Amino acid sequence: AVAAGPNFKDVLRARVLASGAPYAALLAAYRELVHKVALPRLAALLGEREFAVQREPSLRFSLPDASALGKREGDTDECVGLHTDADYDHQPGEMNVMIALSAVTGSNGLFVESEPGLGDFIAIELEPGRLFSFHGVSCRHHNQLNRTGLARVSIDFRVLPLSKYEHERDQDRRKTSRRSRFTLGEYFERVTVELPLQPAEALPRRAGLGVAFAAFEPATYLDNHFLTTD
């Protein structure tokens with residue numbers, strides 16, 4: 001056993017990644033969700049067929065008396081890790097999708113502003129198996145110190161239509177020491193939605209994890225409004 005502490009979430013993440021068959025099962029469930037639920041809905045809603053999708057989901061653990069994001073100088077218990085994904089050189093067309101594997105509630109959750117710079121920081125409340133999307137590249141988001149006594153476990157991924165993918169960014173990254181961290185073929189993989197496209201309301205709401213997922217209604221790429229699914 002490893003004693004809990006500020007870096008215990010990183011130990012948990014490392015153990016999941018090294019777990020072999022359990023992690024392979026998680027990846028299979030993730031791919032089923034993306035291919036059978038998320039991408040068909042995106043394709044129907046946006047009129048796009050080809051997407052760049054994060055290859056492997058990000059694993060998040062918000063443990064009691066800690067947070068999923070590391071605390072930085074100047075952070076408070078009420079605001080940990082405030083950022084936009086643009087701070088880390090993510091592409092403007094990316095959309096974030098979060099999937100709750102346990103209850104997301106109160107200070108164990110995520111806080112997202114509804115429009116870039118607005119600062120209203122909506123508290124996300126999700127039952128296990130529910131998902132929501134937001135434009136994290138422009139809308140600031142943060143964690144809090146988890147005072148709920150409940151661990152929050154979630155996964156998230158980024159996706160964008162291939163038509164909005166800025167390939168020149170890949171060329172620039174491959175010329176630098178950052179290598180190909182967020183490039184197509186490394187961080188992202190290309191996925192094509194098979195014909196025919198169906199109306200979004202006719203598509204399945206169940207996949208991999210064995211729970212009913214909310215209707216997937218992504219934020220439009222014409223604005224930056226936060227969008228939740230119930």
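Which residues are linked with Asp77 in a network of salt bridges? I opened the notebook with this, keeping in mind that the model is predicted.

**Entry 1, the salt-bridge network.** I found that the network joins Asp65, Lys71, Asp77 and Arg147. I looked up two of its pairs, both of which involve aspartate 77. With lysine 71, aspartate 77 forms a salt bridge in which the closest N and O atoms are 2.6 Å apart. With arginine 147, the side chain of aspartate 77 meets in a salt bridge at 3.5 Å, N to O. I then placed the two partners: arginine 147 lies in the loop between β8 (141-143) and β9, and aspartate 77 in the loop between β2 and β3 (80-83), so the pair ties together parts that are 70 residues apart in sequence. On accessibility, I noted that aspartate 77 is partly exposed at a relative accessible area of 29%, while arginine 147 is exposed at 55%.

I counted on the computed total of 13 salt bridges in the structure, and I picked out one more of them, in which the side chains of aspartate 89 and arginine 169 meet at 3.1 Å, N to O. This pair also links distant parts of the chain, since I find aspartate 89 in the loop between β3 and β4 and arginine 169 in helix α3 (residues 167-173), 80 residues apart. Aspartate 89 counts as partly exposed, with 28% relative accessibility.

**Entry 3, the overall make-up.** I read off a secondary structure of 3 helices and 12 strands. Of the 230 residues in the protein, 47% are buried. Among the contacts with a separation of 6 or more, I note that 77% are between residues 24 or more positions apart.

Does the length of α2 agree or disagree with what its residue count leads me to expect? Helix α2 takes in 26 residues (21-46), which at 1.5 Å a residue should span 38 Å, and because its end C-alpha atoms are 35 Å apart, the two values agree. I also looked along the helix for a bend, and there is a kink of about 35° in α2, centred on valine 34. After α2 comes glycine 47, for which I noted a positive phi, near 70°.

Glutamine 54 has its place in strand β1. Is glutamine 54 buried or exposed? Glutamine 54 is buried, because its relative accessible area is 2%, which is under the 20% cut-off. Leaving aside neighbours within four places in sequence, I list its contacts as Tyr30, Asp156, Phe157, Arg158, Tyr187 and Phe188. For one of these, tyrosine 187, I looked up the C-alpha separation from glutamine 54, which is 5.8 Å although the two are 133 residues apart along the chain.

I located serine 133 in strand β7 (residues 131-134), where serine 133 counts as buried at 2% relative accessibility.

How many disulfides does the structure hold? The structure holds 0 disulfides.

Methods: Residues are numbered from 1 along each chain as its sequence is written. Side-chain values use heavy atoms; hydrogens and water are left out. A disulfide is a pair of cysteine sulfur atoms within 2.5 Å. Helices (H or I, at least four residues) and strands (E, at least two) are DSSP runs, numbered from the N terminus. The expected span of a helix is 1.5 Å times one less than its number of residues. The bend at a residue is the angle between axes fitted to the seven residues ending there and the seven starting there. A salt bridge is a side-chain nitrogen of Lys or Arg within 4 Å of a carboxyl oxygen of Asp or Glu. Buried means under 20% relative accessible area, exposed over 50%, partly exposed in between (1.4 Å probe, protein chains only). Contact means heavy atoms within 4.5 Å.
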